[in-house]
Amino acid sequence: MIAQYIVGIGGTTRPGSSGERMVRAVLAATERNGATTRMFGGAELSALPHFAPENAERSDAQREFVEAVRAADGIVIGSPGYHGGVSGLVKNAIDLLEDLRDDRRVYFDGRAVGLVVTAAGWQACGVTLQALRGIVHAMRGWPTPIGIAVNTVEQQPFAQDGSLADDGLRRQVAMQADQILLLAGATR
């Protein structure tokens, strides 16, 4: 059996942001269950030029990103909740996936998409998670039933050693990884 291929998208311009680390945690959980993964974190997303639909030219970084998502069986998207919305960095990457519009599998069609939001407050967590769900639905994807929201004011998601800080968060990450792999396996 060929390993499922899961692509992670998320992060900020700050290296080691909590959102990027949460997406990486979900990817690591899929790897423990046999998946292969690819992460596009803050550094990679920052290198993507602004999406311009009228310009068909793509940089090497843009082509690499689109090809990785095109090949993906499942996806994990993480965003900080900036002012109650998806960050521009993440949204720019998602907008670039307009290049998948003419594919046999259009956009996220038939793909499980796990969603992760980190924000400094529950309102931003909830609103941003809902916005991501709407985007995934519009792009024909299947958001996993469990979405992960981390209020970084009330909870530090990571221990000093970099591991997830509590059992509840570890269970959520494992559950989302299982759901991504289950849905991805059903569409193969």
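Which strand does Thr-118 lie in? Thr-118 lies in strand 5 (residues 112-119).

This is a predicted model, in which local features need pLDDT of at least 70, side-chain atom pairs count only at pLDDT 80 or more, and totals for chains, interfaces and linings use all residues. Residues are numbered from 1 along each chain as its sequence is written, and side-chain values use heavy atoms, with hydrogens and water left out.

**View 1. Thr-118 in strand 5.** Helices and strands here are DSSP runs, numbered from the N terminus: helices are H or I with at least four residues, strands E with at least two. Thr-118 has a relative accessibility of 6%, so it counts as buried. Buried means under 20% relative accessible area, exposed means over 50%, and partly exposed is in between (1.4 Å probe, protein chains only). Contact means heavy atoms within 4.5 Å. Leaving aside neighbours within four places in sequence, Thr-118 is in contact with Ser-18, Gly-19, Met-22, Ser-79, Pro-80, Gly-81, Val-150 and Thr-152.

**View 2. Helix 1 crosses helix 6.** Helix 1 spans residues 18-32 and helix 6 spans residues 167-186. Their axes come within 8 Å and cross at roughly 60°. That makes helix 1 oblique to helix 6. Axes are lines fitted to C-alpha atoms, for helices over the stretch in contact, and angles run from 0 to 180 degrees between N-to-C directions. Angles under 35 degrees count as roughly parallel, over 145 as roughly antiparallel, 65 to 115 as roughly perpendicular, and the rest as oblique. The crossing is right-handed. In a right-handed crossing the near helix is turned clockwise from the far one by less than a right angle; anticlockwise is left-handed. Helix 1 makes the contact through Met-22, Ala-25, Val-26, Ala-29 and Thr-30. Helix 6 brings Leu-169, Val-173, Gln-176, Ala-177, Ile-180 and Leu-181. These contact residues divide into nine nonpolar, two polar and no charged. Ala, Val, Leu, Ile, Met, Phe, Trp, Tyr, Cys and Pro count as nonpolar, Asp, Glu, Lys and Arg as charged, and the others, Gly among them, as polar.

**View 3. Val-76 in strand 3.** Val-76 has a relative accessible area of 0%, so it is buried. Beyond neighbours within four places in sequence, its contacts include Ile-6, Val-7, Gly-8 and Ile-9. Val-23, Val-26 and Leu-27 are also among them, as are Gln-176 and Ile-180. Val-76 and Leu-96 are 20 residues apart in sequence, and their C-alpha atoms are 16 Å apart.

**View 4. The pair of Phe-40 and Phe-65.** Rings of Phe, Tyr and Trp (its six-membered ring) pair if their centres lie within 6.5 Å; planes under 30 degrees apart count as stacked, over 60 as edge-to-face, and the rest as tilted. The count comes to one aromatic pair. The ring centres of Phe-40 and Phe-65 are 5.0 Å apart and the planes stand at 85°, so the pair is edge-to-face. Phe-40 sits in strand 2 (residues 36-40) and Phe-65 in helix 3 (residues 60-71). Phe-40 and Phe-65 are both buried.

**View 5. Thr-37 in strand 2.** Thr-37 is partly exposed, at 23% relative accessibility. Its C-alpha atom is separated by 4.8 Å from that of Ile-6, 31 residues away along the chain. Outside four places in sequence, Thr-37 is in contact with Tyr-5, Ile-6, Leu-27, Thr-30 and Glu-31.

**View 6. Tyr-107 in a loop.** The loop runs between helix 4 (88-96) and strand 5. Tyr-107 counts as buried, at 15% relative accessibility. Tyr-107 and Met-139 are 32 residues apart in sequence, yet 5.4 Å apart from C-alpha to C-alpha. Leaving aside neighbours within four places, Tyr-107 is in contact with Leu-97, Glu-98, Leu-100, Arg-101 and Met-139.

**View 7. Positive phi at His-83 and Arg-140.** Most residues other than glycine have a negative phi. His-83 has a positive phi of about 55°. His-83 lies in the loop between strand 3 (74-82) and strand 4 (85-86), and is exposed, with a relative accessible area of 86%. Phi of Arg-140 is near 65°. Arg-140 is found in the loop between helix 5 (122-138) and strand 6 (142-143), and is partly exposed, at 45%.
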